[in-house]
Amino acid sequence: MPYSTPEKRKAYERANRKRIRSMDRARYKRDRTNRLAQSTARQKMLREKAIQKIAENRGDAVPRCRIDLTPSLVEVDVCAGWLEIDHLNGNPNKEGKSAGSFYRKIVVGLRSVEDLRILCRRHNLYYSAFLFGRKNLYGNKSGWKWK
Ligand SMILES: [Zn+2]
């Protein structure tokens, strides 16, 4: 509904707060499924954009598994599975509350992609096992470095 001034609109909203809220609630219920689908789609798009950006930062026009950045694991099997974002030197749990905000920060440039790379599912799992084993067996003295 158009109002001649913002004050009039605010006055109307104040006077009809309950009615407006119940209409909003009803609309929310009606659209819930649709909204959830939209939010999933948005999330997926952000994830794809984030992966693309990380890949391009490593010189890949098309995202691909960069297990080659971990030379000791290159020979381990062929790639398999979907692509995932790998944290080169950190704990992914530090990224904050949701994956969505992590992707968004990458896409809008609030988060650097320098310490990230793309790994396929299989190599990401191998790599986690490798890091875990390394920690247990050699501490930090394995001499292994990021390339
Ligand atoms: Zn791979």
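## Burial and overall make-up

Of the 147 residues of the protein chain, 15% count as buried, a residue being buried if 20 or more other C-beta atoms, placed from the backbone, lie within 10 Å of its own, exposed if 12 or fewer do, and partly exposed in between. This is a predicted model, in which local features need pLDDT of at least 70 and side-chain atom pairs count only at pLDDT 80 or more, while totals for chains, interfaces and linings use all residues. Residues are numbered from 1 along each chain as its sequence is written.

The secondary structure of the protein chain comes to four helices and two strands, taken as DSSP runs (H or I of at least four residues for helices, E of at least two for strands) and numbered from the N terminus. In order from the N terminus, these elements run α-α-β-α-β-α. Among contacts between residues at least 6 apart in sequence, 78% join residues at least 24 apart; a contact here requires C-beta atoms, placed from the backbone, within 7 Å.

## Confidence

The chain averages a pLDDT of 83, and 84% of the residues score at least 70, where pLDDT is the predictor's confidence in each residue, from 0 to 100. Confidence is lowest in helix α4 (residues 121-138), at a mean of 69, and highest in β2, at 94. Over residues 135-147 pLDDT stays under 50, and the model has seven contacts beyond four places in sequence for them.

## Helix α2

Helix α2 has 41 residues, yet its end C-alpha atoms are only 50 Å apart, short of the 60 Å that a straight helix would reach at 1.5 Å a residue, the expected span being 1.5 Å times one less than the number of residues. The helix bends by about 60 degrees at Asp-31, the bend being the angle between axes fitted to the seven residues ending there and the seven starting there.

The buried residues of α2 are Leu-46, Arg-47, Ala-50, Ile-51, Ile-54 and Ala-55, and they pack against β1, α3 and β2. After α2 comes Gly-59, whose phi is positive, near 85 degrees.

Not counting residues up to four places away in sequence, Ile-85 touches Ala-50, Ile-51, Ile-54, Leu-116 and Ile-118.

## The strand pair

Strands β1 and β2 pair in the antiparallel sense over five bridges, pairing being assigned if DSSP finds at least two bridges between two strands. Leu-83 stands opposite Cys-120 in β2. Five of the five residues of β2 are buried, so this strand is largely enclosed by the rest of the structure. Both of its faces are covered, with Leu-116, Ile-118 and Cys-120 buried on one side and Arg-117 and Leu-119 buried on the other.

Terms used: Two residues are in contact if their C-beta atoms, placed from the backbone, lie within 7 Å.
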